[in-house]
Amino acid sequence: MGSNGDLNANSQCLSSTGDLVLDKAVNQWMAWDKNPHTRKQMESLVREGCVVELKRRLGSRMTFGTAGLRAEMGAGFACINDLTVIQSTQGMYKYLAKCFPDLKTRGLVIGFDTRAQTSSGCTSERLARLAAAVMLCKDIPVYLFSTYVPTPFVPYAVMKYEAAAGVMITASHNRKEDNGYKVYWHNGAQISSPHDKEILRCIEESTEPWPESWNEDLVESSLLRRDPLEDICRCYMEELNTICFHRELNTKSPLKFVHSSFHGVGHNYVQRAFQQFGFPPPIPVPEQKDPDPDFSTVSCPNPEEGESVLELSLRLAEREGARIVVATDPDADRLAVAEQNDNCSWKVFTGNELAALLGWWMLFNWKEAHPNPADTERVYMLATTVSSKILKAFARIEGFHFEETLPGFKWIGNRIHELTKTGKEVIFSFEESIGFMCGNMVLDKDGVSTAAVVAEMAAYLHTKNLTLNQQLINIYEIYGYHISRTSYVVCNDPPTIHRIFSRLRNFGGQGVYPKLCGDYCITHIRDVTTGYDSSQPDKKCVLPLSKNSQMVTFTFQNGIVATLRTSGTEPKIKYYTEFCAAPGERDISSLKEELRKVTTALLEEFLEPDKNNLLRRSV
């Protein structure tokens, strides 16, 4: 199919199915794609008459979710590959040129992780170089990192250089088959509406690759290409001092730490961050220290999955006498933490539990530096709406401000930007999926800095004869126990997801939401997808409308809050439940049992996993 004759023969074979639109899409793809691996994939699909698969790959384009464009690598407009990255960057150029008259002085930052796939010839580095070529051929300066970097380095560089935007080629903790294209605006936060929609519109207007867009050599030959690696790494590490509060104590700490980089980018950068805080470098997990796009030692490259994927880290820690394990995900923007208990078992903290500890720690140190209570008026903490309400409990007692956002750090980053412009100080933000931001040096979640902060917090608590888990209990004793359960089911069929949520919205008849879940009475419902909120006088959501994703929250009479939502990056329906007890309430076992029953009812009655062929979380 390399020649036009072959292409036409295959096209005629396909057009006999009667699908002229699909036939046109195939011809368009073959005319534009210059990657021999993805061309070969497309040839094979056409030759074998895989109409359904061709429609899936060619029938739609990727859209911006909670973390940019993300999809499997391979041939087709719905996948991540050379052609779609070129098209996306051409659309970016068109939109940036409209928004920034000084684009040719501002430039663009581009970074990449270590993902690669032999069958499609796609590597994150190659995709980043092609994105750079698109900008360079239009005489736009490009700050292209010369090697893989943590995702937070891209928004950090955007702010440092006052660039127009930034692009990170990564699929974070997704399965090995995936990759992504994450976009940051000039303020250092991920793009949100209307920029995402306008960029997609510009992509649609720029689908045919410009001749020079394929010229990867421009990265070497163009004088407009600059490597920001050394400069950004130095500035970032120096700026970590703004969230390091006890460096001298750190240098004397007897604690040992183990770090896993989950076969990703984190090793070198976490080593340096620990040293910047005054610690010796953490002990690396040798099997997971270096990049491996196959993530060969873990069932999935997501440290959030808990003890089973942290096995190598925990066994190494036991051998080395290290009581604390920190694990960054493959692009090092998220952090998992485990601590050894006195009985030698391990406590793997949830994202919500870590947030309670980190929120307490950041506030504790802020108050030490600002003894005047009046200063607290300008302090903020932020969390996504599906995350624990523990920061809200802190704010109620301590007198600072707490705000919620929609799920996704793009909402947090942009809100911080707005608050900072008015003189407010955001000292901590998080999302329950182990994404944390200590301070505001980066307007995105950051596993590298958080790893060092956790180490310092543990070292300080050690001088008070406290473990992280003991301090977590202390926090709950003061602010009230916040017990949460978070999990998911996998659904690879979008119509099934639509049917599940449509059923919830018409549970008791047209437009009537459920009033009970199991034996538990529902008092309020908020549906961010439709903008409905029964607790508001006007029945309208306070949070922005989110039409492109499904999210419904139920408030129960017993105080439990539960949310069902679709993931913005994976084919999952996530569910979150939390019981927020009043300070002083200590009957934890009954609270946990009540939460377990509500969570089970929510899963079985509202999601109906068996009936809908949903895959339950297996790890």
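Analyst: Happy to. Helices (H or I, at least four residues) and strands (E, at least two) are DSSP runs numbered from the N terminus. Please keep in mind that this is a predicted model, in which local features need pLDDT of at least 70 and side-chain atom pairs count only at pLDDT 80 or more, while totals for chains, interfaces and linings use all residues. Residues are numbered from 1 along each chain as its sequence is written, and side-chain values use heavy atoms, leaving out hydrogens and water.

The buried residues of H2 are Leu-22, Asp-23, Ala-25, Val-26, Trp-29, Met-30 and Trp-32. Buried means under 20% relative accessible area, exposed over 50%, and partly exposed in between (1.4 Å probe, protein chains only).

Next comes helix H8 (residues 153–161), which is largely enclosed by the rest of the structure because seven of its nine residues are buried. Those are Phe-153, Val-154, Pro-155, Tyr-156, Ala-157, Val-158 and Tyr-161. Glu-162 follows H8 and has a positive phi, near 55°.

H8 also has a partner in helix H11 (residues 229–239). In H11, Leu-229, Ile-232, Cys-233, Cys-235, Tyr-236 and Met-237 are buried, and the buried residues of H11 pack against H8, helix H13 (267–276) and helix H18 (447–463). Contact means heavy atoms within 4.5 Å.

Finally, some backbone spots in loops. The peptide bond from Ser-193 to Pro-194 is cis, with omega near 10°, and Pro-194 sits in the loop between strand E7 (178–185) and helix H9 (195–204). Ser-172 is not a glycine, yet its phi is positive, near 50°; its place is the loop between strand E6 (165–169) and E7. Ser-172 is buried, with a relative accessible area of 3%. Lys-539, also not a glycine, has a positive phi of about 65° and lies in the loop between strand E21 (532–533) and strand E22 (551–556). Lys-539 is partly exposed, at a relative accessible area of 41%.
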